[in-house]
Every structure is written in structure tokens, then in C-alpha cells.
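Please keep the sequence and the model open while reading.

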Amino acid sequence: MDNINNIIPSLSQNIEIGDANYNEAVTYLNSHNYDLAEEKVQTSSNNFLEAKNKMLEINKYDENINDTLYLQYLNLIEEELNLKENATSNLQLAIQNFKKGNKVVANNYVSTANKLMNQGISIQNQRNNLVKNNPDKFKEVNQ
């Protein structure tokens, strides 16, 4: 557990930074600043990828965990990351298509990105509620 507890804070930070950069990319996209949108979505993607790499590190240790709450927490993180990473990929494709003038295709990618990100946020909320409702189990994560 100590190994996992040491990784979780930086993993959470990667997710937060990825979320922030994704939101900035959307803002730039909405103002038709495609170059900055592309830059921000790439930074977002890099942060989600780094978080996924940290999950791979955690997965080395999670077989030793007997607590279903911790396992549920880790599964929620993985699900959230997969959704957010897919949303980011779709947003990247949207930006590329807007740059090429393919607005219909681009808007389809934007729609998919929005759906995926909303699902990711829903999973994030489930994860946060799990922590909030079990403060005795997640003291290290809350600090």
C-alpha cells in the first residue's frame, strides 16, 4: 500500500492538469484558435498518458490489496483515464478536421469528445464520492 500511496498524489495531479489543459483546448477551439487548441490538447493527452503509466506502476502492487474499496477506487481511476484519453483523442481529431475545413466531421468528433469527457467526469465524481464517504480509508489521498 505504501508504494501505491506514494504514486496516487502525482497521478491525481496528472489528471487535474490534463483536465485543465483539455478545458483550455476547448476554449481555444471555440474561439477558432486551432494552433493553441492543438497545443493544449496535446499537453492534456501527455498528462493522461503519464497518469496511465503511473496506473501501470500501481497495477504491479494491486494484487496484494485485499480491500475492495481500494480496488474499486483504482478501477474507477482506470475507467476515468480511459474515457478522458479517448475524449482527448477525439478532440485532437476534431481540431485537425477544423483546420482542414471539414466542419461536419470535426463537429462529430467534438460531439464524441464531449460525451466521453462527460462520462469521465461522472466516473471522477464517483471516485471522489468514494473518497469522501470513506475518510478513514483514504486519509493519505485527502491530504
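At what angle do H3 and helix H4 pack, and how far apart are their axes? In this predicted model, local features need pLDDT of at least 70 and side-chain atom pairs count only at pLDDT 80 or more, whereas totals for chains, interfaces and linings use all residues. Residues are numbered from 1 along each chain as its sequence is written, and side-chain values use heavy atoms, with hydrogens and water left out.

H3 and helix H4 (residues 103-132) pack at an angle of about 160°, with their axes 7 Å apart. Helices here are DSSP runs of H or I with at least four residues, numbered from the N terminus; axes are lines fitted to C-alpha atoms over the stretch in contact, and angles run from 0 to 180 degrees between N-to-C directions. H3 is therefore roughly antiparallel to H4, a term for angles over 145 degrees. The axes of helix H1 (residues 2-30) and H2 come within 8 Å and cross at roughly 160°, so H1 is roughly antiparallel to H2.

The crossing of H3 and H4 is left-handed, and H1 passes H2 in a left-handed crossing too; the word means that the near helix is turned anticlockwise from the far one by less than a right angle.

Within helix H3 (residues 68-100) lies asparagine 90, which counts as buried at 13% relative accessibility (buried is under 20% relative accessible area, exposed over 50% and partly exposed in between, with a 1.4 Å probe and protein chains only). Not counting residues up to four places away in sequence, asparagine 90 touches Tyr109, Thr112, Ala113 and Leu116, contact meaning heavy atoms within 4.5 Å. A polar atom of the asparagine 90 side chain lies 2.9 Å from the backbone oxygen of asparagine 86.

Leucine 36, in helix H2 (residues 34-59), is partly exposed, with a relative accessible area of 29%. Histidine 32, in the loop between H1 and H2, counts as exposed at 58% relative accessibility, and its phi is near 65°, a positive value in a residue other than glycine.

Terms used: Helix = DSSP H or I, 4+ residues; strand = E, 2+ residues; numbered from the N terminus. Polar contact = N/O pair within 3.5 Å; in protein donor to acceptor, adjacent residues only side chain to side chain. Parallel < 35°, antiparallel > 145°, perpendicular 65-115°, else oblique.
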